Amino acid sequence: MVGALFGFLWFNVHPPSLFMGDTGSLSLGATIGVIALMTGQWALLPVIAVVPVGEALSDIIQIAYFK
């Protein structure tokens with residue numbers, strides 16, 4: 001999990017050398033969501049949804065800025 005997060009953040013630092021898009025955020029969000037479900041922390045699921053939604057908004061802003 002830490003390795004996936006580090007790799008995702010490494011390629012998305014300013015200036016981004018690679019637009020990873022939702023590929024990284026969806027896998028990280030899914031992993032955190034599965035962990036929350038397995039541990040019975042259902043109340044954390046809306047908080048976990050911030051990861052993929054924030055990344056999707058970040059992609060939209062980055063693509064609009066560079067065009």
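Biologist: How much of the chain is buried, and what does buried mean here?

Modeller: Buried residues make up 21% of the 67 residues in the chain. Buried means under 20% relative accessible area, exposed means over 50%, and partly exposed lies in between, with a 1.4 Å probe and protein chains only. Please keep in mind that this is a predicted model, in which local features need pLDDT of at least 70 and side-chain atom pairs count only at pLDDT 80 or more, while totals for chains, interfaces and linings use all residues. Residues are numbered from 1 along each chain as its sequence is written, and side-chain values use heavy atoms, leaving out hydrogens and water.

Biologist: Thanks! Which elements does the chain have?

Modeller: The chain has four helices and zero strands, and from the N terminus on the order is α-α-α-α. Helices (H or I, at least four residues) and strands (E, at least two) are DSSP runs, numbered from the N terminus.

Biologist: Why is Phe8 called buried?

Modeller: Phe8, in helix H1 (residues 2-11), has a relative accessible area of 8%, so it is buried. Its C-alpha atom is separated by 9.1 Å from that of Leu28, 20 residues apart along the chain.

Biologist: And what makes Gly33 buried?

Modeller: Gly33 has a relative accessible area of 10%, and therefore counts as buried. Its place is in helix H2 (residues 22-39). Leaving aside neighbours within four places in sequence, Gly33 is in contact with Leu45 and Ile48; contact means heavy atoms within 4.5 Å. The C-alpha atoms of Gly33 and Ile48 are separated by 6.5 Å, with the two residues 15 apart along the chain.

Biologist: Which residues of H4 are buried, and why are they said to line one face?

Modeller: They are Glu55, Asp59 and Gln62. Seen down the axis of H4, these fall within an arc of 75°, so they line one face of the helix. The arc is that of the directions from the helix axis to the C-beta atoms. The face turned away from the buried side carries the exposed residues Val50, Ile60, Ile61, Ala64 and Tyr65.

Biologist: Why is Ile60 called exposed?

Modeller: Ile60, in helix H4 (residues 50-66), has a relative accessible area of 56%, so the word exposed applies.
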